[in-house]
Amino acid sequence: MYLRYGYGIDATYLLIILALILTMAAQTYMRSSFSRFSRIRNMRGLTGAQVAQQVLASEGLYQVQIVPVGGSLTDHYDPRSKTVSLSESVYNSTSLAAAGVAAHECGHAIQDAKGYAPLNIRAALVPAANFGSSFSWPLFFIGLVMSSGILIQAGILLFCLALLFQLVTLPVEINASRRALVKLETLNLLGTEEYSGARKVLTAAALTYVAAAATSLLQLLRMLALSGGRRRR
Ligand SMILES: [Zn+2]
């Protein structure tokens with residue numbers, strides 16, 4: 001291909017390496033914050049499940065179920081079944097990290113109840129984003145090999161769908177954490193110093209979503225560089 005620097009190195013790989021470093025740094029920071037604040041108990045001795053229960057009750061969301069789920073960092077809210085699933089290390093834990101994560105998932109339940117638009121947009125984008133992330137690179141590379149501009153453009157377009165999903169995810173996640181922190185404070189679930197620990201965990205989690213979106217953006221740049229090079233050849 002083009003953009004080769006003498007020794008067969010594709011310069012656009014630099015973008016991929018940068019993306020990898022970003023992703024790994026964000027994930028390492030998240031895991032270390034989570035494990036650090038997993039070791040600190042909250043003064044009231046509330047488990048993640050109890051925090052979730054109180055947050056949901058404060059909004060009158062008694063129909064939302066709170067269930068334990070296997071795995072680590074597998075916590076999520078499912079709007080179809082109205083279920084907050086908390087990983088075992090959150091459900092039964094009385095740590096600051098558990099309180100933060102449990103309240104965050106309830107933040108999604110509150111978004112759902114209030115009809116928060118980005119949450120609905122994100123849900124609507126799921127099939128297109130899945131399709132896009134599966135087929136964009138194969139189409140793009142077949143397009144490059146066959147020198148087919150249409151296939152290359154289709155690949156880029158599909159990739160943009162996956163990127164759009166990640167961009168819409170950002171306000172959804174940040175807003176859920178903001179709602180969580182307001183609840184932890186106003187319901188007096190955590191003391192002032194404890195609150196800052198929970199906030200650090202949620203900030204670290206938000207950074208992983210920012211890193212994921214930035215990674216996709218770098219991949220899009222790589223696609224554009226590769227397709228531009230094809231035209232110049
Ligand atoms: Zn979330």
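Modeller: The account below begins with the sheet and ends with its loops. This is a predicted model, in which local features need pLDDT of at least 70, side-chain atom pairs count only at pLDDT 80 or more, and totals for chains, interfaces and linings use all residues. Residues are numbered from 1 along each chain as its sequence is written.

The open sheet has three strands in the order β1-β3-β2, with mixed pairing. Strands (E, at least two residues) and helices (H or I, at least four) are DSSP runs numbered from the N terminus, and two strands pair if DSSP finds at least two bridges between them. Because β1 (65-69) and β2 (76-78) each have a single partner strand, they stand at the edges, and one side of each is left without a neighbour in the sheet. From one strand to the next the twist averages 25°; angles run from 0 to 180 degrees between N-to-C directions, with axes fitted to C-alpha atoms, for helices over the stretch in contact.

Strands β2 and β3 (residues 83-87) run antiparallel and are joined by three bridges; histidine 76 has serine 85 in β3 as its bridge partner. Helix α2 (residues 48-58) packs on the sheet, touching β1 and β3, and its direction makes about 160° with that of β3. Contact requires C-beta atoms, placed from the backbone, within 7 Å.

In the loop between β1 and β2 lies leucine 73, which has a positive phi of about 55° although it is not a glycine. Lysine 82, in the loop between β2 and β3, is likewise not a glycine and has a positive phi of about 50°.

Definitions and conventions:
Contact = placed C-beta atoms within 7 Å.
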